[in-house]
Amino acid sequence: MKTGLIIATSLLGIPASLALAETIVVGDQVAVRRPTLEVPPRGMRMHGVEARFGAPQERHAPVGKPPITRWDYPGFSVYFEYDHVVHAVVHAAAAASASGP
C-alpha cells in the first residue's frame, strides 16, 4: 500500500513525504491529522539532520545490531540505523500544543 501511495503522489507531483499523516487512536475512534511539526524524513543522514534542525538536546548511545541511535529534540525524537533516519516520533505534548486548544 505504501508503494501505491508513493507512486500516486509521484505521478501527481506531490512529494511522498508530504502525503504522510499522523494516525490518532482514542478509544475506538481513529482519526488522521496532517503533521504540524516538521521532522526529518526517512533516509536523511545524521549530518543532514543536524544541519537542518541543529544540534539535538540529547544524543543517546547506539543500541543493538544494527545499531539504533536516538537524538532528542524539543518536541520530537529521531531514530537512526547507522547514520540514516528510520523514524521520527513527535512527542505527545508537542503534538497537543501544536494542534491548539
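1. Overall order. From the N terminus on, the elements of the protein run α-β-β-α-β-β-β-β-α. That makes three helices and six strands. Helices (H or I, at least four residues) and strands (E, at least two) are DSSP runs, numbered from the N terminus. This is a predicted model, where local features need pLDDT of at least 70, side-chain atom pairs count only at pLDDT 80 or more, and totals for chains, interfaces and linings use all residues. Residues are numbered from 1 along each chain as its sequence is written, and side-chain values use heavy atoms, with hydrogens and water left out.

2. Of the 101 residues of the protein, 21% count as buried. Buried means under 20% relative accessible area, exposed over 50%, and partly exposed in between (1.4 Å probe, protein chains only). The protein exposes about 7000 Å², and carbon and sulfur atoms supply 62% of this area. Accessible areas come from the Shrake-Rupley method with a 1.4 Å probe; for residues, only the protein chains shown count as cover. Among contacts with a separation of 6 or more, 28% link residues 24 or more positions apart. Contact means heavy atoms within 4.5 Å.

3. The sheet. Four strands form an open antiparallel sheet, in the order E3-E4-E5-E6. Strand E3 (58-59) and strand E6 (84-90) are the edges; each has a single partner strand, so one side of each is left without a neighbour in the sheet. Two strands pair if DSSP finds at least two bridges between them. E3 and E4 pair over two bridges. In that pairing, Arg-59 has Trp-71 of E4 as its bridge partner.

4. Strand E4 (residues 68-73) and strand E5 (residues 76-81) are antiparallel and share six bridges. Tyr-73 is bridged to Phe-76 of E5. Ile-68 is bridged to Glu-81, also of E5. The hairpin has two residues between the strands, and Gly-75 takes a positive phi near 100 degrees there.

5. The E5-E6 hairpin. Six bridges join E5 to E6, again antiparallel. Phe-80 stands opposite Val-85 in E6. This hairpin also has two residues between the strands; in it, Tyr-82 takes a positive phi near 55 degrees.

6. Helix H2 on the sheet. H2 can be read together with strands E4 to E6. The buried residues of H2 pack against E4, E5 and E6. They are Met-46, Gly-48, Val-49 and Phe-53. Seen down the axis of H2, these buried residues fall within an arc of 160 degrees, so they line one face of the helix. The arc is that of the directions from the helix axis to the C-beta atoms. The face turned away from the buried side carries the exposed residues His-47 and Ala-51. Just after H2, Gly-54 takes a positive phi of about 85 degrees.

7. The core. Which residues make up the largest nonpolar core? They are Met-44, Met-46, Val-49, Phe-53, Trp-71, Tyr-73, Phe-76, Val-78, Phe-80 and Val-85, 10 residues in all. H2, E4 and E5 each supply at least two residues of this core. A nonpolar core is a set of buried Ala, Val, Leu, Ile, Met, Phe, Trp, Tyr and Cys residues joined through side-chain atoms within 4.5 Å. In soluble globular proteins, nonpolar side chains tend to be buried together.

8. Phe-80. This residue lies in strand E5. Is Phe-80 buried or exposed? At 0% relative accessibility, Phe-80 counts as buried. Leaving aside neighbours within four places in sequence, Phe-80 is in contact with Arg-45, Met-46, Val-49, Pro-67, Ile-68, Thr-69, Trp-71, Val-85 and Val-86. Phe-80 and Thr-69 are 11 residues apart in sequence, with 5.1 Å from C-alpha to C-alpha.

9. Phe-76. Not counting residues up to four places away in sequence, the residues touched by Phe-76 include Leu-37, Pro-40, Phe-53, Trp-71 and Val-89.

10. Pro-41. This proline is found in the loop between strand E2 (29-33) and H2. Pro-41 is partly exposed, with a relative accessible area of 32%. Pro-41 touches Arg-52 and Val-85, not counting residues up to four places away in sequence. Pro-41 and Val-85 are 44 residues apart in sequence and 7.0 Å apart in space, C-alpha to C-alpha.
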